[in-house]
Each structure stands twice: as structure tokens, then as C-alpha cells.
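Dear colleague,

Please read them with the structure open beside you.

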Amino acid sequence: MHNFEFVKPASVADAVAALGRGEAQPLSGGQTLIPSMKARLNAPEILVSLTGITEMQGVSRDGDSLTIGAATTHATVARDAASDFPGLAALAGQIGDPAVRNRGTLGGSVANNDPSACYPAAVLGTGATIVTNTREIAADDFFQGMFTTALDEGEIITGVRFPIAQASAYAKFLQPASRFALTGVFVAKYASGVRVAVTGASENGVFRWAEAEAALSAQFDAEAVAGLSVSPHEMISDLHGTPEYRAHLVRVMNQRGVRAAS
Amino acid sequence: MPKVTMKVNGRAVSAETEGRTLLSGYLREGLGLTGTHVGCDTSQCGACVVLVDGQAVKSCTAFAADLEGAEVTTIEGMANPDGSLGVIQQAFQDYHGLQCGFCTPGMVMSTAALLAENPRPSEEEVRHYLEGNICRCTGYQNIVRAVMAASGQDAGALAAE
């Protein structure tokens, strides 16, 4: 790994200032960034740790929404969101393995937008709001394709505000070697309708399955989507699964999610 | 180079580190605590797991500089004060929870984290918790037995894989 200058600011303002100094990059839990730096896919000159910023930590409820600081670890979300938003907490508790969950963070996962990561499914599936140091971004506008988001250079996610669902569940078909989702579906039921977000399947990253949302909004029952299917066009193809296999999993995992949520 | 100070196995330590120094390197090369093993160095295998402020962490996937002031426990800190094997270590010996032994430090540290959180885990919970620790000898059956014994439970009655 190339060497770099390590900086650990205590406030968002100081982190933004540090990121403005040339070839700098933010570091959160590092569970993706550190391996990619070892592989020399990434070589920042300055690394700005976000783990010492208190205002980016923790889970707090405000009426019908749950706000989670971007530097909150998956393990903390799995524990502290369990009573307010069990579907979301259960998703956090399925990411990686225990040691990864003790370091990896919500903000890091969302900013990276890995096409097979779990969190983007929850953020898009709940219609959450991504809060940054400069603005608020709706989930529908945030994810813009594989490893691509609406974030500007130097912009930091400080938290995510999740509307709490009446019922929700994440159904993950595990790729056991990487522990990412081979395909995962987050289903969330609100008074305004049902949202369905799919990760691990599309080459374009996380997406909403509109047809299933309409069917489940009319009838929240796994049978309501039994006859639906997604096209394998632009689905991920690798040694773990063909596009057709992933397209099939989208429907199956959606049904499992609905059963778990009802 | 900046100095990074931590408490490792109860002892205050300080070492000059580069930004890129991983916790695993800080422990092994900086402090000579070579009981922490680096297996894959890609966050997959869990051989390098140590406790940071009581939580299991892959020491190959954390920068030492990010852990200034942390309390770290490694396999060297798991023995009893008189040098005899600690409860978890003794159970791994009694139930032959190792073959080549390379993954054992990580297995023992993950077990310590599990039992701190869940003192009497079911067999299924043990297997689930240890999914980030890979034993390439595939000696899992006896590892699970050792963890059950370390938690004071019957280690004899495990389901066959």
C-alpha cells in the first residue's frame, strides 16, 4: 500500500476542510477502502478518518423516522435500531461477518454503492433521505449506477433519515464466500404504499421493482407477485449466477421478504 | 512519523507508525506480538481478529493511527495471569479445536467476543458467529465443540455437519 498522511478530525467542518487539501479521501470503517488500497486500486495522499466525529454517530428516533449517523457501525444499528425498525436492524445484522460489522459503517456502504451491498436496498426501499454536509438527497436521486452516487467531490454523508415502515424485511440470498448479496430484496410497507428495492442483481446497481410495488400495494401478500418476473437484461453475470438465475431470485427473494414482513 | 499510543493486553504501549501501518503490523512488527496471525490479508479469513475496546476486529483491516487510545486484547492476553491457559484456550486444547493452528488465534479471539455478548450460545449461534473465521484444515466440528465447552455446555452432542 502506498503511504499517505492520516488525519482524524473531530468535526464535520474540520473533515470537509481536510478533504479540500488536494488528493484526499474520506475513510469510514475501511472494510472496503483498506482492501482496495492494499490492491493499489486506490492511493489517496491524505486519508481523512470520519470515525472520530461524534455528531456522525448513533441512532435516534424522531417521530416516524429513524436518523442514523453515517459513521454508525452495522453492529450498532443491528442492536440500537432493533426495537424501532426491526427490518432495518436485521439487514444491518446480516452484513459481512461480526468483525466486519464492528467496523463497517452505514455512510461508507451507501457512499460506495457496491452493486451487491445490502444497505443501498434499505435506503432505496424505505425512500430514505441522505443527509450530507451541504444538502439532503432523496434515495431515488442518490443511487446512479454501479459505484456511482449523487455525491460531489469532497461531500460527506453525515447521516441517513429512514421513514419507519409499518412492516418490512430484507431477504438476502447470501454469496457465502464474499458474504455480499447474490441477490437481496428489501420490502417495506407504508400507509402510502409498498416499496421494493433489489440489490446484487442489476449491473446498474440497486433498483426499485415498480411492478411488484404496485401489486403489493394493492395486496400485501407473497402470492400477489407470484406471476411477476423481471427481465434478465442487464442483470449481473458471474461464476455465481447467470442473469436468468438472478432475475429468478429477484421474485423469489421478494416473496420471502413479504412473508417475513407479514 | 507520529506516535500511536494504545493499551495492549493491559499494558500502555507507544510506537511510531506510518499512516498506512495496519493494526496487525503495529502489533506484530511494532510490539513483537506475533501471536496475531495474518492469513489472507484481504479481510476474508479472520486469522488476525483481535479485540478492540472489547469488540472483534480484523486487525489487517484497520489502521493503527485510527485506533489511538484504544484498548486492544490479543491472543497473548488470553492466558491466565500465572501463565496457564485461559478457559477458551484450554477448551481448544481439550477438544482438539485446531489442526495446523494457524487460524486458532483468530478463532479464540472471536470466541471471546461471542461469549462476552452471549455467554451460552447455541451450536447454531456459534457457527453463525464464527462465519468470518476460516479454518483451511476444515476442523470446524472440534472448534465448535471447544466453544461449547468454553461456555460450560455439553460439547459432546453436536449435530454432524
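In this predicted model, the centres of domain 1 and domain 2 of chain B, taken over C-alpha atoms, are separated by 20 Å; the two domains span 3-77 and 87-150, with bounds that come from an automatic or database domain assignment. Between them they bury about 1,100 Å², 67% of it on carbon and sulfur atoms, where buried area is the accessible area (1.4 Å probe) that two parts lose on being put together, summed over both. On the side of domain 1 of chain B, B:His37, B:Val49 and B:Ile75 lose the most area to domain 2 of chain B, together 41% of what that side buries. The count of salt bridges between these domains is 0, a salt bridge being a side-chain nitrogen of Lys or Arg within 4 Å of a carboxyl oxygen of Asp or Glu.

Between chain A and chain B, by contrast, there are 4 salt bridges, and one joins the side chains of A:Lys8 and B:Asp66 (3.2 Å, N to O). In this interface 27 residues of chain A are in contact (heavy atoms within 4.5 Å) with 22 residues of chain B, and the buried area is about 2,100 Å², with 53% from carbon and sulfur atoms.

Residues are numbered from 1 along each chain as its sequence is written, and chains are lettered from A and ligands numbered from 1 in the order in which they are written. Local features need pLDDT of at least 70, side-chain atom pairs count only at pLDDT 80 or more, and totals for chains, interfaces and linings use all residues, while side-chain values use heavy atoms, with hydrogens and water left out.

Best wishes
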